[in-house]
Amino acid sequence: MSNYFINIELLSDTTFGRGDGVAGLIDQEVEHDSYGFPYLRGRTLKGLLSEECDNLLCLISDPQRHWLNARNSLLGTAGSTTETQSRMHVGDACLPEDLRQAVRLQFEQEEDAERRRGSRSITDKDILSSLTTFRQQTAIDSKEGVAKDKSLRSSRVVLRELCFKAPITFNLKPSDDSQKILALLAVSVLALRRIGSGRNRGRGHVKCTLWEQEKNKQLEEITTKHLRYFEQETKA
Amino acid sequence: MSTITFTLHTQQPILATSFQGDPNSDVSYPYIPGSMIRGALIGRYLKHNTNIGDDILADTQVRDLFFSGQVRYLNAYLLTKEEHQPRSLPTPRSWFQNKGEDPLERIYDLSRMEMSDLDSDVSAKPVKHQFCSVNSTDVTLYTEKRRINIHNQRHRSKGRAIETVGEVFRYEALDANQKFKAVILCQKKDQQILEELLNENDNIWLGGSQSAGYGHTKISKIQFHETWDEVGENQSLENRIEREYFQITLLSDMILQNECGQYVVEPPIQLLAESLDIDPEQLKLHKAYMSSALIGGFNKKWGLPLPQVPAIASGSVFVFQSLSLDLQRVKDLEFYGLGERTVEGFGRVAVNWLNLDNSAEFSTTLPGSEPSSTDVPKLPTGSKSAKLAKEMAKRLFCQKLEEKLRQKVSGFNIEGNISNSQLSRLMIIARKALNDPKLGNKPNLQQVTELLGNLPPNASDQFEYAKIGNQSIKQPIEQQIKEWIENPSGWIDISPVTIAGESYDLSQDETLAPKYTLLLIMAIAKKATKE
């Protein structure tokens with residue numbers, strides 16, 4: 001059985017919003033775990049893929065509804081029954097696992113040292129601040145051409161060039177057309193270019209690719225392979 | 001009768017929704033319900049037996065495995081480190097602590113003592129930790145970790161929240177990276193098929209939002225037991241049965257109906273009497289510490305929530321007057337449980353639990369978190385992760401340098417007459433020196449030295465007589481700047497930053513100390529011009 005991953009490379013600074021801020025410091029905090037590592041929630045990523053997939057399906061002719069069925073198998077439909085459930089499990093998009101494990105071990109050792117010595121050299125805030133920075137912005141009054149009163153907002157951004165990886169697991173049924181499902185996922189992944197808050201204002205530009213890892217084999221990028229199949233099938 | 005135990009290690013948060021919180025929030029139970037484990041195994045079974053039609057209850061094996069009561073799926077509670085009791089149990093509601101005691105050291109069991117027996121300075125308050133493991137009179141208390149996520153509903157076609165579709169809702173889920181101990185009680189004949197279902201794949205998805213970042217769990221340590229006691233190995237039923245009182249503790253929520261079919265929350269006297277084959281009047285209730293809970297669930301086949309019913313909450317304690325009991329009857333009572341939905345782990349009871357020492361007081365500890373390894377974390381040399389860790393350490397070190405610079409500047413002030421034009425001249429030269437094209441845009445401290453050496457007499461006097469320093473020590477500006485230039489790293493006393501085994505300090509970048517020394521000179525000159 002193969003494992004699949006979506007690789008997300010940040011081409012511009014990005015805010016994976018979490019809906020809150022820190023009083024007196026920032027208005028928009030990024031989603032991060034208990035060790036301070038920012039991540040993109042699987043739920044959000046699935047929503048973004050779903051949106052891109054729906055946009056693509058609007059553009060292709062599908063009289064037999066094959067692609068629509070593949071879409072429903074891939075992403076599920078409304079309602080929580082066994083039949084309508086999505087065949088795909090999308091995990092959180094996180095920074096490299098070995099780095100997070102190493103930092104987790106370092107934190108355990110630091111906590112142990114803190115209990116004995118009463119001090120620690122690194123905290124989750126340090127990890128977060130080493131991977132992020134702040135952006136401030138105001139709203140401009142269109143008539144006056146100056147900043148509006150009380151419009152200064154600050155938000156945290158995850159630094160560009162970082163790479164996040166989200167695991168994808170399939171739970172396909174024998175009746176599912178796996179090739180169409182994978183092709184649809186690949187084109188949705190490729191179409192996904194903007195993520196997070198302020199993505200229509202310069203932030204959150206990303207490059208996404210789909211990867212496959214077969215047992216005892218190396219990780220292989222499969223986006224182009226499945227894109228070709230999609231092109232071939234939808235040309236007519 | 002046989003028992004299968006296994007560990008569930010949460011890889012993602014688990015959404016085991018209970019009826020708590022606001023309408024727009026989902027709050028999880030503090031454990032993984034047995035119904036959820038049963039549902040996941042039904043899913044696995046049906047995947048391999050595709051010939052079963054829509055009415056799965058028509059299949060005898062499905063009925064036996066999942067519905068008839070021959071197999072019971074108990075709730076998975078937090079895993080403990082105790083060998084005799086690896087599965088923690090709900091804290092009895094008869095346990096009280098002294099209000100405000102921090103850290104908690106003592107617990108008083110009011111089922112075996114009266115409130116008036118407590119010391120006068122003890123103000124009794126229920127213990128807030130939900131789970132415990134007991135070793136004689138030592139208790140370890142456990143609390144599950146939770147993760148709260150806030151989600152926004154999006155309009156399907158617009159891809160964003162709009163006025164009519166845009167509710168904010170909150171998931172309070174069981175956090176990832178926790179271990180729970182699950183138990184399945186079964187007949188010997190069902191053991192093999194359950195083993196196959198569990199071993200099929202160690203990845204299993206439980207609870208809500210399974211396709212979107214919730215519910216991924218790993219199964220490990222599947223074990224089979226011929227004899228198994230829910231309250232731990234060292235508390236066998238034979239030892240517990242002959243006691244001064246007959247005490248019942250609920251190890252899971254219990255759903256009861258009265259003779260009219262109404263769901264009720266009251267001591268289960270009638271059911272107990274039927275189960276023990278005695279007259280209900282023989283069961284004289286001495287004390288009761290109970291609470292209620294609202295129980296629901298979700299049926300994936302229907303795609304609908306189950307009816308909500310009230311239940312007696314787990315941890316409730318009922319103390320009856322002593323009576324002689326038949327061992328086999330009590331064994332059956334503990335194996336089969338009481339009330340409704342016992343297949344899903346409801347109605348678990350323990351008889352005379354914690355009654356072995358007749359002690360009414362327990363000393364408590366919280367589980368210690370020992371590091372999983374004492375080796376220094378190390379990433380493969382030259383790997384992407386190692387490079388990222390190095391970059392993180394560098395950024396953190398630079399942030400510490402900036403903080404140090406701010407502290408240094410706030411502690412310094414300038415006394416004496418030095419004109420703003422001289423200070424501005426110093427700032428301009430220092431700024432130029434930050435990126436010297438002759439040195440490949442590296443900082444060049446020599447430019448500041450040259451400025452101080454080539455000043456006209458009037459300006460030179462100002463740099464010589466004006467003094468700089470903190471409250472206690474002050475020296476001429478010229479002398480201080482020359483000291484910094486001769487030894488740029490002298491004022492920087494910051495320890496190296498290490499992240500995942502990758503360290504960063506001043507020695508790794510020779511331009512850092514001159515750069516921050518020039519920034520210090522500029523910042524002090526700027527501060528002086530403003531003062």
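View 1. S385(B) sits in helix α7 of chain B, which covers residues 384–411. (Helices here are DSSP runs of H or I with at least four residues, strands are runs of E with at least two, and both are numbered from the N terminus.) This is a predicted model, where local features need pLDDT of at least 70 and side-chain atom pairs count only at pLDDT 80 or more, while totals for chains, interfaces and linings use all residues. Residues are numbered from 1 along each chain as its sequence is written, chains are lettered from A and ligands numbered from 1 in the order in which they are written, and side-chain values use heavy atoms, with hydrogens and water left out. Is S385(B) buried or exposed? S385(B) is buried, at a relative accessible area of 4%; buried means under 20%, exposed over 50%, and partly exposed in between, using a 1.4 Å probe and protein chains only.

**View 2. Where chain B touches chain A.** The contact takes 47 residues from chain B and 53 residues from chain A. On the chain B side, S211(B), M392(B) and R395(B) lose the most area to chain A, together 14% of what that side buries. (Buried area is the accessible area, with a 1.4 Å probe, that two parts lose on being put together, summed over both.) Between them, the two chains bury about 3,800 Å², with 49% of it on carbon and sulfur atoms.

**View 3. A seven-strand sheet in chain B.** This open sheet has mixed pairing and runs in the order β5-β9-β10-β26-β7-β6-β8. At the edges are β5 (89–90) and β8 (124–126) of chain B, each pairing on one side only. (Two strands pair if DSSP finds at least two bridges between them.)

**View 4. Zooming in on strand β26(B).** Strand β7 (residues 106–109) of chain B runs antiparallel to β26 (residues 361–365) of chain B, joined by three bridges. Here R106(B) stands opposite S363(B), and I107(B) has F362(B) as its bridge partner. Strand β10 (residues 138–142) of chain B pairs with β26(B) in the parallel sense, also over three bridges, and D138(B) partners S363(B).

Notes:
Contact = heavy atoms within 4.5 Å.
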